[in-house]
Every structure is written in C-alpha cells, then in structure tokens.
Amino acid sequence: MWDLCTNALDTARLRGATYADVRMMHLRQRDLTTKNGQVGTLAQSESIGIGIRALAHGAWGFASTDRLTREGVSACAGEAVSIAKASSLAKRGDVEMVPEDAYVDSWQSPFRKDPFELPLENQLALLLAADAEMRRIKGVTLTEAGLQFRKIDSWFASSIGSRIHQRKLITGCGIAATSFQGGEIQKRSYPNSFGGQHALGGYELVESLDLLKHAPRVGEEAAALHSAAQCLEKTGTLILGGSQLGLQIHESVGHPIELDRVLGQEANFAGTSFLTLDQLNKLRYGSDIVNVVADARLEHGAGLGSFAYDDEGVPAQCTDIIKDGQFRGYLSNRETAHLIGLKRSSGTMRTESWNRLPIIRMTNISLNPGTWDFDDLIADTDDAILMETNRSWSIDDRRYQFQFSTEMGWEIKGGKKTRMLKNPSYSGITTEFWNSCDAICSRDHWTLWGTPNCGKGQPMQTMGTGHGAAPSRFRNVKIGSAFSNQ
Amino acid sequence: MSTSRKSGKSPAGKSTAPSAQLFPERELRRIIDTVLRLAKTTGADETEVHVDETADSLTRFANNAIHQNVAEHGLNVSIRTVVDHRTARATTNRIDEDSLRAAIEASLSLAHSQPKDPHLLPLPGKQRYRRVNRFLKDTAALTPEERARAVRRACDIAIQNGQVAAGIFASGLQQSALGNSRGLFAAYRETHAEFSITMQENPAASWAKANAASVRAFDPQRLARRASEKAHLAVDARELPPGRYTVVLEPAAVLDLVGFLFYDFAATALEDKRSCLNDRMGKPLFGKNISITDDAHHPLQLGAPFDGEGIPRQQVALVDCGVPKNLVYSRSSAKSANKKPTGHGFALPNEYGEAPMNLVFAGGDSSLEKMAASTDRGLLVTRLWYIREVDPYEKVMTGMTRDGLFLIEKGKVTSAVRNFRFNQSILEMLRNVEQLGPAVRATGEEAFEMVVPAMKVRDFHFSEVTKF
C-alpha cells in the first residue's frame with residue numbers, strides 16, 4: 001500500500017505539485033434487513049481504490065482510481081495535477097495552508113466482537129425474532145429490523161511525510177414498527193429512527209441494545225398512537241429526548257459551524273451559515289448552561305465522528321464551539337484555519353471513500369451534560385410536551401429556522417407524564433431556541449448518538465457524525481405548527 | 001483493470017487532463033461471462049451479474065473561483081447467487097478472477113445463512129429491449145479546461161454585476177450491463193452533463209440549474225445571467241405574514257416537492273401499507289388536469305431501459321386525469337398481485353420492491369409569465385429546500401423556499417419576499433393546480449430529474465417565515 005502511495009506522491013511532485021496527499025481506502029460493508037418476517041436485504045460489498053489531491057499553480061485538483069498498479073496510480077496522480085492546473089484558469093489567489101507536523105502512526109478503533117467474524121445465522125435470527133415480537137402486536141402492519149457493519153481501512157500519505165494507517169469498525173442496528181389504520185400511518189423505532197443507533201464498535205453494541213426486549217413496546221406504541229390525542233399548537237415548554245436533541249445539535253449547531261459553509265464554498269448546494277466571521281466570540285448562541293464541543297478524540301466516546309487523524313493528516317482534537325452560551329469556534333481545515341486567525345486546523349477534514357475529496361465535516365458535536373436527573377426534570381416541570389425519536393427534520397439554508405417532528409410525544413402536567421400525544425412537532429429560530437434552554441440532564445442520561453446519513457458536498461458524500469446529548473428542557477417554544485393547518 | 005484515456009492539448013498549448021473513456025461493451029460482457037463460468041463450479045443454482053462503470057468529473061466553484069475540481073473512475077461487479085430458494089448479493093470493484101470468485105463465495109455464504117424463501121422466483125430469461133441513444137461524444141470528451149473556461153465566464157458575469165458566484169459544472173459517462181445464467185443480457189450507456197449556479201448579491205441569492213445527456217443542451221452563461229438577474233431582484237426582501245398564498249412554482253420547485261410522491265406508486269408499498277395510495281386507487285385524488293406517466297424512453301429522460309432484474313421498462317400511466325390508475329411492479333410484486341411486471345424492480349434482494357424512476361407529467365399551455373399575469377396576489381417560487389415528510393398518508397411535506405421568492409401583485413412581480421417554511425400536502429396541492437406550463441426536463445436537489453411543468457397552485461400553505 002505504502003509503495004503505491006509513495007509512487008503517487010512522487011508522480012504528483014514530478015508533474016508540478018507543490019503539495020499532495022493520497023488516501024488509499026478499503027471499505028467493507030454488510031447489510032442485513034428483515035421485513036414482515038422475511039429477509040429483506042442480505043448483501044455485502046467491498047471497494048478499494050486511491051484518491052489523490054494535488055496542489056499545483058496554487059489551485060487544487062483531485063483524481064481517483066480503482067486501478068491499483070504503479071501505472072494506474074501514476075496516471076491518476078498525473079490527472080490530479082493536470083486538473084489542478086485547469087483549476088488555476090479560474091482562481092482568485094493561491095491556496096494557503098497552515099502548517100502541520102508529519103506523523104507516522106497506526107490506529108484502530110476499539111471493539112470486542114468483530115461482526116464479520118460471527119455467524120450470520122445468529123445475526124439474522126436476532127432480526128427475525130425481533131421482527132416476530134413486533135408483529136405479535138395487534139394493529140402493527142409493517143415490521144422492519146436491520147443490522148449494518150462497516151470496516152474501513154485507510155492509508156494516508158502526504159508530501160510533508162505523514163504515513164497514517166487507520167482502521168474503523170462501525171456497527172449499526174435498529175427496529176421499527178408501522179401501523180396503518182383509519183387513514184393514518186404511525187411508526188415507532190428503537191433505539192432511534194432511520195436505522196437505529198450507529199457507533200464505532202463491534203457486535204457488542206447490538207447486544208447492549210437488546211432489540212428483542214424492546215420490540216413488543218415498539219409495536220405497542222405504534223398501534224397506540226392512533227388513539228392518542230393530537231399534539232396541540234401552542235407556545236410552551238418542550239423537553240427533548242436525547243436522540244432528538246442529537247439531531248437538533250446536528251442541524252442547528254453542527255452545520256452552521258462548518259467554516260466552508262461560512263466562507264460560501266457550499267453556497268450552491270448545502271447552503272451558507274448565519275454564523276458569519278464577525279459573530280465569533282461575540283454571539284450569545286445559547287443560555288449560560290449550553291456548552292458544545294467538537295471532539296473527535298476517543299476519550300469523548302466511540303462515536304461516528306471519532307478518529308485518530310482526519311483525512312488531511314491532522315490529529316483529532318477537542319474544540320470549544322459554545323462555551324457558557326457564547327459562540328467560540330468553527331470546524332476548520334488547513335486551508336481555512338488562518339482565515340479565523342488559527343495557526344492550526346481543527347482537524348475536521350473527512351472523506352466518504354477513496355473516490356471523494358475530503359471536505360470539512362462534523363466530528364462528534366456534543367452538548368455537554370448538565371446536572372439534572374431525568375425524573376427530577378419531569379417532576380420540576382408543570383406543563384410541557386416531551387418529544388421522542390425523530391420523524392422529520394428541516395432547516396433553512398443558513399440554519400436559522402427549523403422544524404422537527406417526532407414519532408411520539410408525552411404531555412407533562414404537574415410534574416408527571418400523563419398522556420401520549422401523536423404527531424408532535426416544534427419549530428423555531430436557532431439562537432432563540434438554544435437561549436431558551438434551562439435544564440440539561442446529567443451524564444447518566446447522556447448518549448453519543450450516531451447520525452450515519454449526513455449529506456454534503458458535490459458530488460454528494462454521506463458521512464457519519466456523532467452527537468452526545470442528554471434530555472433537555474426548553475422554554476417558550478412553538479409547538480405543533482407542522483399540523484396546524486391540516 | 002485498465003482505464004484507457006485519450007489526451008489532448010488545450011488551446012494555450014499546455015498539457016491538459018485527459019477525458020475519460022469507458023470499457024467497450026464486450027469487456028463488460030467478458031466480466032459477466034467470467035463470473036457465470038466461475039459460479040458454475042461453486043454450487044450456485046443460478047447467478048446474476050451487474051457491472052456498473054462510471055467516469056465522472058466535476059468542477060466546483062465558489063467566491064468566483066474554482067475551489068474543488070475532481071475526477072473519478074470506478075467499476076463495480078455485483079453478483080447475486082441463488083441456491084435452494086435462497087438468494088444474496090456481494091459486490092466488489094476488483095475484477096481479477098480470484099476476487100470475482102471470492103465475491104461469488106461471499107454471496108453464497110450469505111445466501112446459505114437464511115431460511116428458504118418459498119416465494120423466490122427463478123431468474124428471468126432473455127428479454128428484448130428498445131434501443132435508446134443517450135451517449136454523446138462531445139459530452140464524453142469534455143475536458144477540465146473547457147469546464148474551467150465556462151466557469152470563468154460565469155464568474156465574470158458575477159464580477160461584472162458585483163455578485164458572487166458558486167456552483168458546479170459536471171460531466172460524465174456511465175454504463176451498466178446485466179447478465180444472468182439463463183441467458184439474459186442487457187447493456188446501456190449514457191453521458192450526462194450538469195451546470196448549477198447560485199448568484200449571491202448580499203443578502204440575497206438566486207439559482208439556476210440544467211441537466212441533460214448532452215452538454216450542448218444548455219448554455220452555462222445563459223443560466224448564469226438568469227441567476228444573476230434574479231439575485232439582483234431578490235435584494236431588499238420584505239417580510240410577509242405566513243398563510244395560504246397562490247403560488248407560481250417554477251419546474252424545479254414542482255419537481256423537488258412531487259418527487260416525494262412516487263415511491264408510493266410501488267405495488268410493494270401498498271402491500272406494506274405504507275403508501276398514501278392505500279384505499280385510494282381508482283378514485284379521484286388530484287385535479288383533472290393532472291396526468292402522470294412513467295416512461296424510460298421519453299426523449300427528455302435518462303436511465304437504463306431495464307430494471308434491476310433486466311426486465312424491460314414499460315410505459316405506465318400512473319395518474320389519468322386526476323385518478324391514480326396503475327402501480328409499478330417488480331416480478332415478485334406482480335406475481336403476488338397477479339399482474340405483469342412493469343420493469344421497475346430494484347436489484348434483489350431488497351425490501352422496497354420497485355419504484356417509477358422516469359416520471360413525465362402532462363403539461364399545459366400556460367407559462368410563468370401567463371401564470372404571473374393572471375395572479376392578483378401570489379408568490380413566485382424559484383426552488384424549494386430541505387423537504388421532508390411530516391404526514392406519510394396525507395403526504396404533508398415541510399421545507400423552505402430558497403434562492404428567490406417574489407411577490408406578484410396585479411399580474412406583476414413587485415418585490416422580493418423573505419423565505420417561508422411550508423407545510424403542505426402534495427395531494428391537496430395537486431388538487432389545486434390552476435395552470436400548467438409545458439413539461440420540461442427539470443433538475444433540483446431533493447428529487448431525481450423528471451419531466452414536469454411549472455404550476456400555478458392556489459392556497460399553498462406557508463406556516464412560518466425565516467430571517468432572510
């Protein structure tokens with residue numbers, strides 16, 4: 001592997017590159033799903049190739065190939081340099097990069113049980129058993145269960161001398177029950193919607209989530225939602241469950257702090273950001289208890305945004321994003337860091353695969369835990385709606401105005417959970433929302449949720465990100481507007 | 001594997017990056033034959049092989065300069081084996097015999113791990129396909145320098161107008177071949193090109209985009225000028241209260257919203273009771289002016305004329321004068337429903353069944369200008385953004401307007417308007433269509449390309465307003 005990487009770097013230099021880096025990657029994936037007691041998807045895939053990024057004439061070029069011979073890699077490196085020279089036909093200045101040290105290292109994400117080495121029969125049997133438990137519930141009309149495993153090896157080499165091998169093992173699992181009744185479709189999922197929970201780790205994650213135990217409840221709640229009261233439209237107190245808050249963080253903090261968005265590089269597709277450079281260290285993003293970090297280090301947790309080095313060869317870091325409610329930091333790379341006065345990249349360049357250019361990406365963007373016990377939080381709340389498990393999410397292209405709906409809500413009255421509510425939703429303006437936060441539950445209730453499907457870039461790249469969150473309370477939130485005029 | 005490429009010279013005489021080429025079809029057939037030969041020795045009852053090859057390039061610009069510029073070449077071989085009423089798939093991008101044999105064995109290993117499926121159908125035999133020609137040599141030969149010069153001209157328009165441009169100019173080639181152990185063989189290749197531009201005039205922006213098989217089908221500079229003019233008009237947006245408005249939706253806005261409707265036309269979706277068409281087939285659901293067909297052979301469509309099992313795609317009248325009339329079927333769902341397959345199945349095994357992918361709306365004789373002229377008070381919508389489903393049965397969608405929302409008063413565009421959030425049922429929207437323009441190939445960001453008209457729609461529901 002390293003010979004081909006060196007070959008690519010040498011070719012790029014000889015063709016005129018002033019800097020180059022390469023990522024050879026080998027991706028393996030296995031997907032197992034069941035639906036209504038039958039096997040759905042049963043597939044595995046592998047892909048191996050090399051992506052070469054070259055800086056020439058002050059501009060970038062990138063080319064990738066799956067032809068892993070000296071000839072193929074050399075041709076690819078030459079193409080990357082040629083594309084860089086073509087880019088310079090429409091440049092407005094030379095690319096500048098902040099310095100970074102060279103590293104020679106090897107790293108592997110932690111796991112206990114490699115799912116690729118375990119019997120498939122047992123994995124399918126678990127899904128079919130969970131599926132059967134959900135189908136036992138009267139009123140359930142569709143049951144789904146799934147497991148996903150990914151093993152990603154990457155070999156990074158750069159012209160400043162870095163040689164870094166990283167191996168990640170990623171596991172995901174989830175179940176869902178849907179009920180169609182009386183012209184209404186209701187759904188419940190566990191442990192999260194849209195595929196469940198995903199994290200770095202092995203099959204131990206699946207075992208820890210005990211899908212079988214939760215399956216009957218998931219089915220019962222899906223069926224029960226039909227007879228639940230409609231969540232009313234009002235302005236009031238909102239308590240968000242951890243997984244929904246994780247997505248709230250993703251959309252209303254994670255994306256707007258991406259410095260490429262802020263600088264207009266995503267204006268045509270993903271959008272820009274309300275967090276213009278003049279807001280840094282000045283904007284009151286949230287209330288005093290709101291502390292958000294971007295932390296790719298393993299000590300933060302084995303999240304989808306955890307690694308040892310980013311795809312630009314920069315070590316994983318923890319960056320304050322919101323400190324005591326104040327806006328403190330962006331996600332940057334070696335090209336953009338100097339624009340906000342940093343001497344070093346915050347280490348957030350990530351790529352989906354060998355055939356994609358690394359771009360600025362969320363790592364683990366997490367809300368630090370607070371002090372509340374969940375039961376105490378409920379007891380302390382006189383009138384509120386508790387919303388759990390995302391159903392839909394949408395936010396404008398500058399990340400101000402959002403609307404989320406969840407699978408299920410609970411009415412809180414006089415410090416107690418009273419009745420189930422269907423079709424709950426809430427909406428707001430990002431900074432107003434975070435400034436209305438007055439209680440965050442403690443680390444005992446904090447989970448590093450995985451969002452496996454974050455899309456960004458052209459061509460589109462899908463990336464996994466992590467979001468640590470504990471249930472939290474927000475005041476004066478607009479509730480129920482998604483269904484207000486139906 | 002090899003990636004043969006030809007080189008050229010730029011007009012400036014400097015060396016240029018090569019444009020990509022694909023393998024000849026016979027090479028894909030050779031790979032398929034190799035897999036089928038190897039599979040015979042492994043105990044597979046039946047085998048199906050997909051070979052997909054892409055060579056794509058994309059030049060990306062922002063702040064009036066190219067900031068990303070990429071090229072990729074890749075080939076995947078995807079193998080489905082069937083053994084004793086069990087099936088599974090394994091995919092690799094390595095095409096040496098050892099790797100192909102390993103993928104066959106992986107597929108068999110997965111297949112053996114599951115219970116028998118008594119409903120699993122045998123692979124289909126030979127099929128006949130209508131030819132389509134969507135491979136354009138000039139598009140295949142487009143170079144990074146040509147894209148860069150077009151980008152520079154678009155950026156020059158922005159600079160001349162005091163604006164900032166961002167966007168992409170992409171081109172590429174792709175081909176697919178599918179063969180199986182019962183003698184079926186299907187192959188398809190196409191070129192594609194896309195130009196998208198956002199013009200920003202602080203604090204406003206506007207957007208234009210085109211996508212076609214041929215790079216000659218659109219003019220990047222014309223798109224740049226259109227986006228530039230609209231961005232200038234979008235400055236000084238005023239805030240209006242949320243509520244129900246008559247809207248004139250440009251084709252891209254129509255596309256991105258109605259795109260969420262069509263997975264519901266899968267027979268499997270109805271069987272699963274997750275379709276909004278459950279209990280609604282054959283009954284008036286939309287306005288009488290709404291007719292929708294799925295037609296892979298339409299001259300404005302792209303995509304292979306066969307489905308994931310190699311069944312020829314049929315033309316299917318999904319909606320006729322407001323009434324949902326037909327669904328699309330894979331072989332499996334067709335057998336369950338005692339119908340004929342329509343050639344819309346996804347590659348097996350999968351849990352979603354099928355979907356129409358080549359949608360063509362019947363158009364009308366109106367135009368954006370006529371729609372605006374006939375509107376006493378309404379909104380002109382350039383595009384929609386971040387659309388997600390709120391209610392799957394009533395098909396209520398939420399999302400934002402983006403890159404150009406304008407107030408129409410007494411038949412004329414009078415000012416820009418701050419962007420709204422909408423919560424709108426697609427079913428209701430398609431009952432409220434007052435005028436239709438001619439159907440065109442539209443491209444957006446939320447749905448795949450379709451042939452759709454601009455629409456004038458009454459009582460479109462905007463629920464909240466944002467800050468810009």
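How many residues of domain 1 of chain A are in contact with domain 2 of chain A, and how many residues of domain 2 do they meet? The count is 45 residues of domain 1 against 39 residues of domain 2, where contact denotes C-beta atoms, placed from the backbone, that lie within 7 Å. The model is predicted: local features need pLDDT of at least 70, side-chain atom pairs count only at pLDDT 80 or more, and totals for chains, interfaces and linings use all residues. Residues are numbered from 1 along each chain as its sequence is written, while chains are lettered from A and ligands numbered from 1 in the order in which they are written.

**Figure 1. The two domains of chain A.** Chain A is divided into domain 1 (2-227) and domain 2 (230-483), with bounds from an automatic or database domain assignment. The domain centres, taken over C-alpha atoms, are separated by 21 Å. On the side of domain 1 that touches domain 2, there are 19 nonpolar, 17 polar and nine charged residues (nonpolar: Ala, Val, Leu, Ile, Met, Phe, Trp, Tyr, Cys and Pro; charged: Asp, Glu, Lys and Arg; polar: the others, Gly among them).

**Figure 2. Helix H3 of chain A.** Helix H3(A), residues 120-135, has 16 residues and reaches 22 Å from its first C-alpha to its last. This is close to the expected 22 Å, given by 1.5 Å times one less than the number of residues. Helices (H or I, at least four residues) and strands (E, at least two) are DSSP runs, numbered from the N terminus. Among the buried residues of H3(A) are A:Leu120, A:Leu124, A:Leu127 and A:Asp131; buried means 20 or more other C-beta atoms within 10 Å of the residue's own, with C-beta atoms placed from the backbone. The buried residues of H3(A) pack against elements of chain A including strand E1 (19-35) and helix H5 (211-224), and also against helix H2 (97-112) of chain B.

Figure 3. E2(A) and E3(A) pair in the antiparallel sense over seven bridges, pairing being defined by at least two DSSP bridges. A:Ile50 has A:Thr65 of E3(A) as its bridge partner. Two residues lie between the strands, and A:His57 in this hairpin takes a positive phi near 55°. Seven of the seven residues of E3(A) are buried: A:Ala59, A:Gly61, A:Ala63 and A:Thr65 point one way, and A:Trp60, A:Phe62 and A:Ser64 the other.

**Figure 4. The interface between chains A and B.** In chain B, 84 residues are in contact with 71 residues of chain A. Strand E4(B), residues 65-82, supplies the largest share of the chain B side, 11 residues. By class, that side has 32 nonpolar, 30 polar and 22 charged residues. Strand E3(A), residues 59-65, runs parallel to E4(B) and is joined to it by three bridges. Within E4(B), B:Ala71 is the bridge partner of A:Ala63.

**Figure 5. Chain B.** Chain B contains 10 helices and 21 strands. Buried residues account for 58% of its 468 residues. Its C-alpha atoms fill a box of roughly 75 × 65 × 35 Å along the principal axes.

How values were computed: Two residues are in contact if their C-beta atoms, placed from the backbone, lie within 7 Å. A residue is buried if 20 or more other C-beta atoms lie within 10 Å of its own, exposed if 12 or fewer, and partly exposed in between; C-beta atoms are placed from the backbone.
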